[in-house]
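Hi there,

Here is the structure I promised to pass on.

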Amino acid sequence: MRAPIFVIGYPRSGTSFVGKLIGTFTGYPSHGEAHTTPLLQHIIHQINLCRSRKDFTGAELIKEMDLQALKDININFFREFYLQTYGGEGFIDKTPGPTACNGWAVVKSIFPKACFVACVRSPVEVYESAVQKFGSREGDAANVDFVQLAEGWVGAMSGIEKLAASPYGADLHVVSQLELRSDPVKAVPDLFRFLQVPEAKVSEGVDLCSRSRDDVLTESIARPEYRQLDQLLIEESMKQRFRDICTSTCKRWNIAI
């Protein structure tokens, strides 16, 4: 089986369920939510910014620093941390969010054999799911910034697109949350083949997905398509702003909003 496995995607896109599904049939350990590699991504980003600065004109001490060595030290530190934590490269790292979706090159610098499972869901349903989870208990307006969510979703999807177009594209498998909930007979075997999970486990995986999706994925598993903006009870100005941000990305992914 392939390892290590990095599960990415925007929050509320099915990453938790997919991570548990993979863990059940690979036996690989996971901490549920990792959020470790984004720290390294930020560190390397800052090192790269420092290397590209043109405003150093004197004898600044930082000029004496070997920034490539600093980058290598951090990469080695994170690699050793993972290996010590999991006892090898057989593990699942689930970190949803735009940073993780755009950090595949950093992941590959740590683990050249790493593969990625990207979970994809309509931004409308992501918003609806976030409202249901983070809304106030009294039923007041949910504590969800729809513009921030829409822009974050676009950023995450852009990272997945770049990974697909990169030399590492063969190490990426995209899981559609819609397909997973409505047609697990197709989605699960495709995922297991990519991960090289033994064929004998496919039927068990389909069965687990079919039994779990009522509670884990959505209440309306019979919907043959994603919910759309017109079905949400939000102001028309919000809907238009959402369209302005997400439409071009949705078109590339064949997602109707």
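**Around Lys108**

Let me begin with a lysine: leaving out residues up to four places away in sequence, Lys108 touches Lys113, Ala114, Phe116, Tyr168 and Asp171. Please keep in mind throughout that this is a predicted model. Lys108 is found in helix H5, and its relative accessible area of 6% is under the 20% limit, so Lys108 counts as buried.

**The sheet**

Next, the strands. Four of them make up an open sheet with parallel pairing, in the order S2-S1-S3-S4. Strand S2 (92–94) and strand S4 (172–176) are at the edges with a single partner strand each, so one side of each has no neighbour in the sheet. On average, neighbouring strands here are turned by 20° against each other, if direction is ignored.

Strand S1 (residues 5–9) pairs with strand S3 (residues 115–120) in the parallel sense, over five bridges. Helix H9 (residues 184–195) lies across S1, S3 and S4, and runs at about 160° to S3.

**Aromatic residues**

Searching the whole structure gives 13 aromatic pairs. In one of them, the ring centres of Tyr82 and Phe91 are 5.0 Å apart and the planes are at 20°, so this pair is stacked. Both Tyr82 and Phe91 are buried.

Tyr82 also pairs with Phe111: here the ring centres are 5.7 Å apart and the planes are at 90°, so the pair is edge-to-face. This pair links distant parts of the chain, since Tyr82 belongs to helix H3 (residues 67–86) while Phe111 sits in the loop between helix H5 (104–110) and S3, 29 residues apart. Tyr82 counts as buried because its relative accessibility is 2%, and Phe111 is buried too, with a relative accessible area of 0%.

Tyr82, Phe91 and Phe111 belong to one aromatic cluster, together with Phe6, Phe81, Tyr86 and Phe116. Elsewhere, a charge meets a ring: Arg2 lies over the face of Phe194, 4.8 Å from the ring centre.

In soluble globular proteins, nonpolar side chains tend to be buried together. In this model, the largest nonpolar core has 50 residues, and those with the most contacts inside it are Tyr127, Trp153, Phe242 and Cys246. Helix H7 (residues 146–165) gives the most to this core, with ten residues. Leaving aside neighbours within four places in sequence, Tyr127 is in contact with Val144, Phe146, Leu149, Leu232, Ile234, Met238 and Phe242.

Apart from this core lies another, of 26 residues, which include Ala3, Leu180, Phe194 and Leu208.

**A loop residue**

One last stop is Ile62, in the loop between helix H2 (37–52) and H3. How exposed is Ile62? Its relative accessible area is 29%, which falls between the limits of 20% and 50%, so Ile62 counts as partly exposed. Neighbours within four places in sequence aside, Ile62 is in contact with Cys50 and Phe56. From C-alpha to C-alpha, Ile62 and Cys246 are 41 Å apart in space, and they are 184 residues apart in sequence.

Definitions and conventions: Residues are numbered from 1 along each chain as its sequence is written. This is a predicted model: local features need pLDDT of at least 70, side-chain atom pairs count only at pLDDT 80 or more; totals for chains, interfaces and linings use all residues. Side-chain values use heavy atoms; hydrogens and water are left out. Two strands pair if DSSP finds at least two bridges between them. Helices (H or I, at least four residues) and strands (E, at least two) are DSSP runs, numbered from the N terminus. Axes are lines fitted to C-alpha atoms, for helices over the stretch in contact, and angles run from 0 to 180 degrees between N-to-C directions. Contact means heavy atoms within 4.5 Å. Rings of Phe, Tyr and Trp (its six-membered ring) pair if their centres lie within 6.5 Å; planes under 30 degrees apart count as stacked, over 60 as edge-to-face and the rest as tilted. Buried means under 20% relative accessible area, exposed over 50%, partly exposed in between (1.4 Å probe, protein chains only). A charge sits over a ring if NZ of Lys or CZ of Arg is within 6 Å of the ring centre and within 35 degrees of the ring normal. A nonpolar core is a set of buried Ala, Val, Leu, Ile, Met, Phe, Trp, Tyr and Cys residues joined through side-chain atoms within 4.5 Å.
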